[in-house]
Amino acid sequence: MSTSNRGGTATQEPSREAMFDLLGNSRRRRVLRHLLDDRQITLTDLSARIAAWENDTPLSDLTSRQRKQVYSSLYQTHIPRLSEHGLVEYDAEDRLVTLTGDPERIRRFLEVEAPERGRFSHKWSRYFFFTAVVGSAVIAGNWLGTAPATHVTTENLYGLLTVAFMMLSVSFVMAVEGQKLLRLGN
């Protein structure tokens, strides 16, 4: 754990390994994301927002059971875990959850944990699909003996397709995760 000084009081920040362990749970990630936007929130409101997200429904359509399940989980498990690592503080009297960890550090870990949705997914899925379709057509052409696939041996054809998929995969990882992986090392 590293120590930081906020407002005259020293707080312990979780180690890198502890952060990844804490962020291994989607509810804890969601709690921290909400607290980055709204630094203090009641546990009731927080649990309702997370329940709405998990059930893909508006707050107004949540059932009492859906709210209670998330509330119990946050109250009994997730808020205490985040609190013992100095990321949040829970005021039982007012039922308020407050972000106490370093917001920028938390944001960096959340970015590594959850890449931006939709930024590359459709574009890259088309690249992979196109490569698979072209590769399948060339293999079918080779099996049927049609030109130009007949000029390439089956082994060479499979080798070329393997190399194409490997290059595409490496390009995908670097495009989607490259900058985040570099920032993680700092």
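The report below starts with the whole chain and then turns to the sheet and the helix contacts.

## Ground rules

This is a predicted model, in which local features need pLDDT of at least 70 and side-chain atom pairs count only at pLDDT 80 or more, while totals for chains, interfaces and linings use all residues. Residues are numbered from 1 along each chain as its sequence is written, and side-chain values use heavy atoms, with hydrogens and water left out.

## The whole protein

Read from the N terminus, the order is β-β-α-α-β-α-α-β-β-α-α-α.

Of the 186 residues, 33% are buried (under 20% relative accessible area with a 1.4 Å probe, protein chains only). The accessible surface comes to about 11,600 Å² (Shrake-Rupley method, 1.4 Å probe), and carbon and sulfur atoms account for 55% of that surface. Taking contacts (heavy atoms within 4.5 Å) between residues at least 6 apart in sequence, 58% join residues at least 24 apart.

## The three-stranded sheet

Three strands form an open sheet in the order β3-β5-β4, and their pairing is antiparallel (strands pair if DSSP finds at least two bridges between them). At the edges are β3 (40-42) and β4 (88-91), each pairing on one side only. Neighbouring strands are turned against each other by 20° on average, direction ignored (axes are lines fitted to C-alpha atoms, for helices over the stretch in contact, with angles from 0 to 180 degrees between N-to-C directions).

Look next at β3 and β5 (residues 96-99): these antiparallel strands are joined by three bridges. Here Q40 stands opposite T98 in β5.

## Helices on the sheet

Helix α3 (residues 43-55) packs on the sheet and touches β3, β4 and β5. The direction of α3 makes about 85° with that of β3. Helix α4 (residues 64-84) lies across β4 and β5, running at about 130° to β4.

## Where α2 meets α3

How do the axes of α2 and α3 cross? The axes of α2 (residues 26-37) and α3 come within 10 Å and cross at roughly 120°. That makes α2 oblique to α3, because angles under 35 degrees count as roughly parallel, over 145 as roughly antiparallel, 65 to 115 as roughly perpendicular and the rest as oblique.

On the α2 side, R27, R30, V31 and H34 meet L46, R49, I50, W53 and E54 of α3.

Note on methods. Helix = DSSP H or I, 4+ residues; strand = E, 2+ residues; numbered from the N terminus. Buried < 20%, exposed > 50% of the residue type's maximum accessible area, 1.4 Å probe, protein only.
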